[in-house]
Amino acid sequence: MRTLLLAVLLSLTGLACAQGVVKIGELNSYKVFPAFLEPYRKGMELAVEEINAAGGAAGRRIELVTRDDGGTPGDAVRVAEELIAREKVNLLMGTFASNVGLAVANLAGERKIVFLASEPLTDKIVWQDGNRYTFRLRPSTYMQTAMLIPEAVRLKKKRWAIVYPNYEYGQSATASFKKLLAQAQPGVEFVAEQAPPLGKIDAGAVAQALADARPDAIFSALFAADLQKFVREGNTRGLFKTTPVVNLLAGEPEYLDPLKDETPEGWWVTGYPWSEIQTPEHRKFRDAYEERWHDYPREGSVVGYTAVYAVAQAVKKANGADTEKLVAAFAGLKMQTPFGPIEWRAIDHQSTMGAYVGRLARRDGKGVMVDWYYVDGAKVQPSEQEIRALRKQ
Amino acid sequence: MNGLAGASSLFLVAAGLSLIFGVSRIVNFAHGSLYMLGMYLAVALSGALGFWAALPLAALAVALCGAAMEILVLRRLYGAPELLQLLATFALVLIVRDFALWAWGPEDLLGPRAPGLGGAVEIAGRPFPQYDLFLLLLGPAVFAGLTLLLKRTRWGILVRAATEDRVMAGALGINERWLFTAVFALGALLAGLGGASAIPREPANLGIDLAVVADAFVVVVLGGLGSLPGAFAAALLIGEVKAFCIAFGLSQATLAIEFVIMAAVLVARPWGLLGRPLDPGVAQAKAAPPFSLPARATRVALAAVLVVLLLLPAASGPYPLVLLTDILVFALFAASLHFLMGPGGMASFGHAAYFGIGAYAAVLLVLRAHWPVVAAWLAAPFFGAAAAALFGWFCVRLSGIYLAMLTLAFAQIAWSIAFQWDRVTGGSNGLVGAWPPAWLAGERAYYGFTLAVSAACLALLWRAVYTPFGYALRAARDSALRAAAAGIDVRAQQWLAFVAAGGFAGIAGALYAFSKGSISPELLAVGRSVDGLVMVLLGGVHTLTGAAWGAALFTWLQDTAAREIGYWRAALGAAILALVIARAS
């Protein structure tokens, strides 16, 4: 009789566990950067459906509460407070722009709640301004710049011109590029630098100024509308005929697809050749995504999908959603993603998710990546001493 | 050369804006939205019809949209105060943007190259795009056409008559209604043409509306309101200075260079390059009724609200307190702007500057100079006031829309400094990690602190309206001449109003910064200034406490609508329009 009672009790508590929910409080600038964040949202929803259909994480259902963060740090902090206080979420996730990501990361440190920064690229979120509760998924500005350095060196060009959008991402990409290239290729010269305001490039004048400096090669950190304008003006003026270009992010479908038949051939870029990656883990993801949404995946889709899976894996490892246990679980967590295996580094809370490096080409009036290869994020990191010096907390 | 093509399309937009303002005295915030519509329509049409057919069709379609806007919305508002009209056009901006998102999706759409003009020609040894040559000719051609239209046709004479004196023109039997509609349609046509002709150079995107209207405002004000040659000269000046900055490797300077130029020109020439002083009889609506002292019932009601707010923490969960903290901060911010706009009669488009400077000063004192939070917070109003004293000294020498644009210029310059001065201000990322000390941390304690400070400051601001200073200020607003004759130093009163408003905005900024733990340049950005304007206008300029209620409504709406409604911008816009039209009629 006693054992029977015990068994009933056990099964009851087991049931209670199974009915448990892990609430992810997701906030992002959906209205400000819709081109990137709509695919991201679809990726997240697909992951939630898959995980819950397979019985959840550690017996708990994943529940996603998404909010628009208004695109400004002040509003984002209020939205995050709402998620914490009213929705009682177990952890925070999301953000796109670096300033918003940093503000929410800082709040997470203050309120002692895990924050998985999925999209922001700024190096500071895991280094100078990193904290115990903040983890970042995407390869940072530094990592993506470092991925392109070997190709830049292989071009064997002496005089480089640089163009970047004038805000933190562009500035730190440029600083890293100059530092790393000068180390790898002593004697390199930087002959011109153009920093147009984000989204407001006067592409004709910028292309002309770059041409006037007569560089052997160009490094660009432009993306989105700025990239489109720069490509068109540069094509018209024949800037890229003889000058090779290395461009961060330009191979991501979000930024590559709008270039269509004007895609400049031969540029070295970081990106995501979604149609060509045939690894089993990627095919599985792509098939599921296309089946669910009748659309092909973008970079944002992979980020959203992987971020939700990361939470599920951490919950599984921690066997629950207690904050301190989650922090411990994330450190050194190894998991599978559509891009291959990654690890969440204990030293700076950066995941080793990488990116694809390749050249742009045109095929049937569309831009594609060719000669591409995957660069593991673990291989493009500064030394541990450097990171410890940057990361004080 | 590169500057000229850009200047040419800038002129198209500015010309339309200038024309509309000249006749209807409406400052049309939605002009950039018409430009954006022109872009999207041209991209959509050029797929089926080809670029050269899409160009005029898109412009015509935008003209029809413009006419519809005028008939449905603006026509009801000609008798309303200037600022209410401004608010209505701002609501249109919100609605059009969500419409474009709904109709064409979120992605940037680059148009096709212009068939026949896709290549480049060699000029002075450099390749120059043929299409830029076309644009370069389009601007002057439109300028010449407009000049002919206004100088040589009967319709042009009517437009000029209405620009000079619309009451007189009406009295002489001119059908104002249709004239206004036609002018608005023509202005919209020019905006649509500007947008449509830009698609080979610039992708249609959802952020272009405010970017373009800001540039166009600068051009129109710089050139002198209502002056086409002035707009033309200003567009050329800005286009060329930007191109030179880029050519000489000073591309960072293009962040705010047009505002630096505008500030310099307005300080030297208060009516712009080729503008004339507005006839004060036309420029100013009839004087507002004087503020009356709040009735006893009002004071009791206010006290009751205060008591409820004081007791709330006992009964409420944490999140309403977080939201109320924001509301209180913005109530103070809006009230400080209202002090300038209501009793002072000076509209400011750049009030966020003082809010942001207060916030930055306080956070920098904490993070860099290691001051205690409360000491830094006490210092914040002095920085806000100092900035206001500096900017205001120049601003009070101007009036009306020129004054407003100069405040905007100063705010944009302050913003660009915060954005660019990486080592001190943290650049675009801003600064993080400024939290209140333990005894103030937590939403309950900080709410209490904010409530105490905001209530005290609001009481001071409202009381100030009934001090000798407040009376003198209102006298200066209602009749500068009579006030001066009565021995009031008008400029000194207005300058003091700036300083006071800046100081209180600085307090609000510091309160905000410590409630969020971080700051970034968006605190000083034009969006925040516009938010402030909307709050004041929602509440009513000519009421004492309206600004605070406007702030509460706006902040609450933004918080709730963003959570519950997909297209919350359009919802907010529609709500504002309904309010404005209800108030006007």
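Mentor: The account below begins with confidence and then turns to the domain boundary.

This is a predicted model, in which local features need pLDDT of at least 70 and side-chain atom pairs count only at pLDDT 80 or more, while totals for chains, interfaces and linings use all residues. Residues are numbered from 1 along each chain as its sequence is written, and chains are lettered from A and ligands numbered from 1 in the order in which they are written.

The mean pLDDT (the predictor's confidence in each residue, from 0 to 100) of chain A is 91, with 95% of its residues at 70 or more. Residues 6–18 of chain A have a pLDDT below 50, and beyond near neighbours in sequence this stretch makes 2 contacts in the model; two residues are in contact if their C-beta atoms, placed from the backbone, lie within 7 Å.

Chain A is divided into domain 1 (2–139 + 278–354) and domain 2 (142–274 + 355–385), with bounds from an automatic or database domain assignment. Taken over C-alpha atoms, the centres of domain 1 and domain 2 of chain A are separated by 30 Å.

Where the two meet, 22 residues of domain 1 of chain A are in contact with 18 residues of domain 2 of chain A. On the domain 1 side, the elements giving two or more residues are α2 (34–53), α11 (299–318) and β12 (340–343) of chain A; helices (H or I, at least four residues) and strands (E, at least two) are DSSP runs, numbered from the N terminus. Of these, α11(A) gives the most, with 3 residues.
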